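I opened the notebook to look up a few spots in this model. My notes follow in the order I took them.

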Amino acid sequence: MAKLRSFDLHVVERIAPDVLILEIGSNDRVDTSPEIVGSEIESLVCLLVEDYKVRVVCVCHVIPRGYSYDEAATFADRVEILQQYLEVVLSPIPNVFCWAHRAFSHPGKDFYLPDGVHVNPAGQYHLYRSYRAPFFGHCACFKSFLTHSLHFLHFHTFTASIFSGLEKF
């Protein structure tokens, strides 16, 4: 979290988004317990809401790895624990919700490169369509929050990148 604060959160402060999509990367899911990762994500979400005044935070579920990834089953078990943990700890926080990328609900879909980790162009298309869904289709109650801006924060092993202009997709 210290690295995130010093290198990336200044961008959140500068942009001051009303809505933020938090995409959880999966590199640290291999050797860090799901509970530790979940606790760090909960702390980040609380920081975003309380200190940075983000009005709505969407925390995306971890995208499963494809079958060609050697440890896909073990990885899936750890991700399931993380996602259950996040659903429990984030549900009491107002205007914070978890989002599952439904197109990636099964690791056997042809959305992955041969490594089973990274998505191919078709996977990228479905992923970015999924980012739009909670705000532009399924959760009409959040449309009023989009008057200022919508931003995307990628939480990836204590680093983050902000992408603005997601509403153009």
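I started with polar contacts: a polar contact is a pair of N or O atoms within 3.5 Å; within protein, one must be able to donate a hydrogen and the other to accept it, and residues adjacent in sequence count only if both atoms are side-chain atoms.

**Ground rules.** I am working with a predicted model, where local features need pLDDT of at least 70, side-chain atom pairs count only at pLDDT 80 or more, and totals for chains, interfaces and linings use all residues. Residues are numbered from 1 along each chain as its sequence is written, and side-chain values use heavy atoms, with hydrogens and water left out.

**Asn120.** I looked up which backbone nitrogen lies 2.8 Å from a polar atom of the Asn120 side chain. That nitrogen belongs to Gly123. I placed Asn120 in the loop between strand 3 (96–99) and helix 5 (121–136). Helices (H or I, at least four residues) and strands (E, at least two) are DSSP runs, numbered from the N terminus. Asn120 has a relative accessible area of 12%, so I logged it as buried. Buried means under 20% relative accessible area, exposed over 50%, partly exposed in between (1.4 Å probe, protein chains only). I then listed contacts (heavy atoms within 4.5 Å). Leaving aside neighbours within four places in sequence, Asn120 touches Asp110, Phe111, Tyr112 and Leu113.

**Aromatic pairs.** Rings of Phe, Tyr and Trp (its six-membered ring) pair if their centres lie within 6.5 Å; planes under 30 degrees apart count as stacked, over 60 as edge-to-face and the rest as tilted. I counted 1 aromatic pair by this rule. Tyr128 and Tyr131 form it edge-to-face, 5.1 Å centre to centre with 70° between the planes. Both sit in helix 5, 3 residues apart, about one turn of the helix. Tyr131 is buried because its relative accessibility is 2%. Tyr128 is partly exposed, at 31%.

**Gln84.** I found Gln84 in helix 4 (residues 72–90). Its relative accessible area is 46%, so it is partly exposed. Its C-alpha atom is 9.4 Å from that of Gly38, 46 residues apart along the chain.

**Confidence.** pLDDT is the predictor's confidence in each residue, from 0 to 100. I noted a chain mean of 75, with 70% of residues reaching 70 or more. pLDDT stays under 50 over residues 144–151 and over residues 153–169. Where pLDDT is low, the predicted coordinates should not be read in detail.
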